[in-house]
Amino acid sequence: MQKLTTSALLTAMFSFNASATGLYLTELNATDVALAGAGWAARANDATTAFNNPAGMTRLDTAQYEAAVLPIYISQGFSANSNNMTEGTTTNADVWLPSASFFYVRPIDDKWSFGLSMAGYFGLGLEYDDDWIGRYYNTKSILQTVGIQPSVGYKVNDNWSVGFGVILGYTIFEQTVAVKNITPNIGDAELELKDEDTSIQFSLGVLYEFSERTRIGLQYLSEAELNMKDVTDLKDAGPILTNILEQNGLNDISYDFEFTLPQGVSISLFHQIDERWNILANATWQEWSEFGQLGLFVDTEDNINVDIDKNFNDTHGASIGVQYQLNGQWMLNSGIGYHSSMVDTKYRTPDLPMTESYRFGFGGVKTLSESSTLKLSAEVLWFGDFEIERNRGPVSGQFHADYEDISMTFLALSYAKTF
């Protein structure tokens, strides 16, 4: 019993995924929300290019800023399959998450431009009821990164521009999971892992202008290493479990997680068809297979030092969008997009309930004056229906559930001003 409990606790601690619903977000401002990310690195017609592609800052001949608020609604319904071996609720894990961003660009001379941007560009979170059917796999997952990026752009000639930015990232990590108590008639214990870390990523941008109407842009985002350290916090452990932990020196376990924010590449197109219509496109690649490689060190009497492969895939995506100048005051934006899944069906877990996704966005830009605009938009990121089936034996039990109508809704309001 002692060996079984020791093994069970370590499994509960470190077998669940340390990633939450990790995503690089293109929904950082109202225009990109409406266009589903189309033209990400080529649009380069407002201050948001300071983050999307610093090379595009050379196209702006006056100083300007843009501020945005972007609330996010996550809708996640599920129902337990008849093969599920754990009793509990199946309450939907719906949640609102706040988000905001800021972008600033200032030309230095006819060649150089400076930019500063701040955005929550990576990660999301999930939170379930304490007694839900998958509580022995996960009850809460948060992995969020906020970055501040100073950047510079340089205009090589009339066609070529290049840019460089340094993203100073701050990441918070929190994950909880329920642990079965051995003592009869006592509820579950709760294990919490929690830490924060800083990171540095580099953003390299290139912009080529064929003409005033057509341009392509490329952004490369480097990878970054994150290291999370903490002492495990096990709450509400019963007397038998507590005694076994103390005998084996497991009541205060130090752990060390190492993982990588993946590198990625985006290539984009902007083309003005006529005085009313613009067409935009974007293609991306992201190295999520590297993110799935976890280094784990557990400080016990025997010390555990292992590499964990979560079997993630590199991903690719594409989007296309249009802009229509309705009149002198309003421009309408719309876009659709697709992104492949970072995890195959057999490796999908309750704390990573996702598959391939589709984006549908729409919005408008209203000119308030010669120097200010207001932007409104909404986007649905649709994952749809899928199934998750996992079995970790007597520790976590068998989890088998059908996820239904999984989606994220982004709302965005931006205010932009030139001066």
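**Buried charges and their partners**

Student: Why does R43 count as buried?

Tutor: R43 has a relative accessibility of 1%, and buried means under 20% relative accessible area, with exposed meaning over 50% and partly exposed lying in between (1.4 Å probe, protein chains only). The value falls under the 20% limit, and therefore R43 is placed in the buried class.

Student: What should I keep in mind about the model and its numbering?

Tutor: This is a predicted model, in which local features need pLDDT of at least 70 and side-chain atom pairs count only at pLDDT 80 or more, whereas totals for chains, interfaces and linings use all residues. Residues are numbered from 1 along each chain as its sequence is written, and side-chain values use heavy atoms, with hydrogens and water left out.

Student: What makes the pair R43 and D32 a salt bridge?

Tutor: A salt bridge is a side-chain nitrogen of Lys or Arg within 4 Å of a carboxyl oxygen of Asp or Glu. For R43 and D32 the closest N and O atoms are 3.1 Å apart, and because this distance is within 4 Å, the pair meets the definition. R43 lies in the loop between α2 (30–34) and α3 (49–52) while D32 belongs to helix α2, so the pair ties together parts that are 11 residues apart in sequence; here helices (H or I, at least four residues) and strands (E, at least two) are DSSP runs, numbered from the N terminus. D32 is buried as well, with a relative accessible area of 0%.

Student: How do you know that K375 and E66 are paired, and which parts of the chain do they tie together?

Tutor: The closest N and O atoms of K375 and E66 are 2.9 Å apart, and the pair is a salt bridge. K375 lies in strand β21 (residues 372–391) and E66 in strand β1 (residues 64–69), so the pair ties together parts that are 309 residues apart in sequence. Both K375 and E66 are buried, and together with D32, R43 and D46 they are linked in a network of salt bridges.

Student: What makes K155 and E209 a further case?

Tutor: Their side chains meet in a salt bridge at 3.8 Å, N to O. K155 lies in strand β7 (residues 140–155) and E209 in strand β9 (residues 189–209), so this pair ties together parts that are 54 residues apart in sequence. K155 is buried, and so is E209. A search of the whole structure finds 11 salt bridges.

Student: Why is the group around E127 called a negative surface patch?

Tutor: The patch is formed by E127, D129, D130 and D131, and Asp and Glu count as negative, whereas Lys and Arg count as positive, with His and the chain ends not counted. Patches are made of residues with over 30% relative accessible area and no salt bridge, like charges being joined within 9 Å and nonpolar side chains (Val, Leu, Ile, Met, Phe, Trp, Tyr) within 5 Å; the place of a charge is taken as NZ of Lys, CZ of Arg, CG of Asp or CD of Glu.

Student: Which residues does F386 touch, and what counts as touching?

Tutor: Contact means heavy atoms within 4.5 Å. Leaving aside neighbours within four places in sequence, F386 is in contact with R348, P353, M354, T355, A401, D402, Y403 and I406. F386 lies in strand β21, and the relative accessible area of F386 is 10%, so F386 is buried. Between F386 and I406 there are 20 residues of sequence separation and 8.7 Å in space, C-alpha to C-alpha.

Student: How much of the whole protein chain is buried?

Tutor: Buried residues make up 54% of the 419 residues in the protein chain, whose secondary structure comes to six helices and 22 strands. Of the contacts with a separation of 6 or more, 71% involve residues 24 or more positions apart.

Terms used:
Accessible areas come from the Shrake-Rupley method with a 1.4 Å probe; for residues, only the protein chains shown count as cover.
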